Amino acid sequence: MEEELGEWLMMAMWYFGLALTYGSLVVTVILLISEVLAGLQRWRNKLAGERLLESIPDVPYHPLPDDDAAAAAAAEGSPPSCVICIEEYERGERCFVMPGCAHMFHRECMRKWLRQGNPTCPICRATLLVAPAAAAEEERVSTVENMV
């Protein structure tokens, strides 16, 4: 009787060890697949950001003289600046204006922002989407969804 109990105990420990080994292997594979998929999503976001940057032309910065908000900010000593690098815009400087929300940034600042995998506007956090490549060039427009 004790021998049978010992055999059953050894067999139970053997199967428990197998289950633990295969279970941890399955969990490891699931985590690995999850990380690969997350990396692919970050890569897609970076590519979408690059396509967005390429599809939108630069706009030269010119302060509006009759803009009350800009005049008030200039009077307070805080002229308009890029919220990413906190540097003032210079007259005639080439800037990037977001489609849809129309927030303006330095092009290089926006390039860094999008390369970090941030598919949103730094100010309003609106999700930025690029139109499908199948669309005609004149119909290639970026849109903003989920406006806050």
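A disulfide is a pair of cysteine sulfur atoms within 2.5 Å. Keep that cut-off in mind for the first view.

This is a predicted model, in which local features need pLDDT of at least 70, side-chain atom pairs count only at pLDDT 80 or more, and totals for chains, interfaces and linings use all residues. Residues are numbered from 1 along each chain as its sequence is written, and side-chain values use heavy atoms, with hydrogens and water left out.

**View 1. Cysteines without a disulfide.**
How many disulfides does the structure hold? The count is zero. The sulfur of C121 has its closest cysteine sulfur in C101, 3.7 Å away, which is too far for a bond.

**View 2. The three-stranded sheet.**
Here three strands make an open sheet, ordered β1-β2-β3, with antiparallel pairing. Helices (H or I, at least four residues) and strands (E, at least two) are DSSP runs, numbered from the N terminus, and two strands pair if DSSP finds at least two bridges between them. β1 (59-60) and β3 stand at the edges with a single partner strand each, so one side of each has no neighbour in the sheet. Look between β2 and β3 and you'll find three bridges. V97, for one, has M104 of β3 as its bridge partner.

α3 lies across β2 and β3, and runs at about 90° to β3. That angle compares N-to-C directions on a scale from 0 to 180 degrees, with axes fitted as lines to C-alpha atoms, for helices over the stretch in contact. The largest nonpolar core has 19 residues, and L52, F96, M98, F105, M110 and L114 have the most contacts inside it. Such a core is a set of buried Ala, Val, Leu, Ile, Met, Phe, Trp, Tyr and Cys residues joined through side-chain atoms within 4.5 Å. α1 (2-55), β2 (94-97) and α3 (107-115) each give it at least two residues, and the largest share, four residues, comes from α3.

Leaving out residues up to four places away in sequence, M110 touches L53, I84, F96, M98, F105, T120 and P122. Contact means heavy atoms within 4.5 Å. R111 is found in helix α3. Is R111 buried or exposed? R111 is buried, with a relative accessible area of 17%.

**View 3. Two loop residues with positive phi.**
Most residues other than glycine have a negative phi. I86 has a positive one, near 65°, and is found in the loop between α2 (68-75) and β2. A102 isn't a glycine either, yet its phi is positive at about 65°; A102 lies in the loop between β2 and β3 (104-106). I86, at 62% relative accessibility, counts as exposed, and so does A102 at 51%.

An unreviewed UniProt entry lists residues 12-38 as "transmembrane region". The end C-alpha atoms of residues 12-38 lie 38 Å apart, and the span is 100% helix and 0% strand.

Methods
Buried < 20%, exposed > 50% of the residue type's maximum accessible area, 1.4 Å probe, protein only. UniProt positions renumbered as here; feature names shortened; annotations may be inferred.
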